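I opened a new notebook for this structure. Below are my entries, in the order in which I looked things up.

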Amino acid sequence: MPTVLEIIKKTTEFFVARGVESARLNAELLVGHALGLKRMELYLQFERVLGEGDLGKIRPLVKRRGQREPLQYILGETEFSGLRLKTDRRALIPRPETELLVEKIVGFFPTPPRTILDLGTGSGAIALALANAFPTAAVTGVDTSEDALTLARENAGALALTDRVRLFHSDWFAAVPTESRFGLIVANPPYLSPCETVETSLEVRGFEPVSALQPSTGSTGLEDLHTVIAGAPRFLATGGLLALETGPGQHPELLELLRDVGFTRRVSEPDLTRRDRFLFAWL
């Protein structure tokens, strides 16, 4: 029977042949997950001989990853801003870029905002990370996907944040009470064009919700960002911040739109690859 190390090596070779990035890391994480071992524990058991029962747990996970299903969906969880979040096909997988968005937002608030609105909350990643960062804030998260909202509620419950994070169905601002005012409005909306969606990796275009990748109408990828920017001034408190994650190359048009709807201060900031990714604006 094979050892743990032998299975990791064979799995790595299989993943390389299937075009899986970071093949060795993926192999270690999946084998460890199947055996109930953390990576360090896995290293200490490289010479362990695996029986048929162990192999039966590993094989279906390896098959799924070989078909390019995202690792986070197979593991069923991911880490985001220090939180452990449940992940599955009901919502987009939280990205490192979005962790950076949260980090930048926190840096803008020496005094925590009292109220926060997360538009298109998905798995709840941003809303829950901000609730964790700002323990005194009341956070609202909205989404048009009931499946995503159910996942967000599951994550909020697991993190004991249901008392401070309100989640409900809304098409952007449509169901947000008109009298509401927020110190922070944040959105990571769909911003890919249909052509860009087709060009994403198989992990993305084959498994993640298309509704979270590209707007439901239009061809530019900017449609939902336009909706958010146009609606935000009505719901921002005096001195409030609008924070957006966008696609590279979209900032010139969006900065102009922010100015046109009344935002007097506008800041464009790059992601870790130095591409324009985040917009911050104040009325």
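The entries go from helices to a hairpin, then to aromatic rings and single residues.

**Ground rules**

I am reading a predicted model, in which local features need pLDDT of at least 70, side-chain atom pairs count only at pLDDT 80 or more, and totals for chains, interfaces and linings use all residues. Residues are numbered from 1 along each chain as its sequence is written, and side-chain values use heavy atoms, with hydrogens and water left out.

**Entry 1: helix H1**

I took helices (H or I, at least four residues) and strands (E, at least two) as DSSP runs, numbered from the N terminus. I looked up H1, residues 4–17, and found 14 residues. H1 reaches 20 Å from its first C-alpha to its last, close to the 20 Å expected at 1.5 Å a residue. The expected span is 1.5 Å times one less than the number of residues.

Next I asked which residues of H1 are buried. I used relative accessible area: buried is under 20%, exposed over 50%, partly exposed in between (1.4 Å probe, protein chains only). The buried ones are Val4, Leu5, Ile7, Ile8, Thr11, Thr12 and Phe15. They cover an arc of only 155 degrees around the axis, which puts them on the same side of H1. The arc is that of the directions from the helix axis to the C-beta atoms. I noted the background: an α-helix has 3.6 residues a turn, so residues three or four places apart point the same way. On the other side of H1, I found Lys10, Glu13 and Ala17 exposed.

What do the buried residues of H1 pack against? I counted a contact as heavy atoms within 4.5 Å. The partners are helices H2 (23–35), H3 (39–43) and H4 (52–66). After H1 comes Gly19, with a positive phi near 80 degrees.

**Entry 2: helix H2**

H2 has 13 residues and reaches 18 Å from first C-alpha to last, close to the 18 Å expected. Its buried residues include Ala23, Asn26, Leu30, Val31 and Leu35. The buried residues of H2 pack against H1, H3, H4 and helix H5 (71–75). Just after H2, I noted Gly36, with a positive phi of about 70 degrees.

I followed the side chains along strand E1, residues 77–80. E1 pairs with strand E2 (residues 83–86) in the antiparallel sense over four bridges. Two strands pair if DSSP finds at least two bridges between them. The bridge partner of Glu79 in E2 is Arg84. The hairpin has two residues between the strands, and Ser81 takes a positive phi near 50 degrees.

**Entry 3: aromatic rings**

I let rings of Phe, Tyr and Trp (its six-membered ring) pair if their centres lie within 6.5 Å; planes under 30 degrees apart count as stacked, over 60 as edge-to-face and the rest as tilted. How many aromatic pairs does this rule give? The count is six. In one of them, the rings of Phe14 and Phe15 have centres 6.0 Å apart and planes at 45 degrees, so the pair is tilted. Phe15 has 0% relative accessibility and counts as buried.

Phe108 and Phe280 form a tilted pair, 4.7 Å centre to centre, with 55 degrees between the planes. Phe108 lies in the loop between helix H6 (96–107) and strand E3 (115–119) and Phe280 in strand E9 (residues 276–282), so the pair ties together parts that are 172 residues apart in sequence. Phe108, Phe280 and Trp282 form one aromatic cluster. The charged end of Arg265 sits over the ring of Trp282, 4.1 Å from its centre. My test for this was NZ of Lys or CZ of Arg within 6 Å of the ring centre and within 35 degrees of the ring normal.

**Entry 4: Arg68**

I found Arg68 in the loop between H4 and H5. Is Arg68 buried or exposed? At 17% relative accessibility, Arg68 counts as buried. Arg68 and Glu203 are 135 residues apart in sequence and 5.3 Å apart in space, C-alpha to C-alpha.
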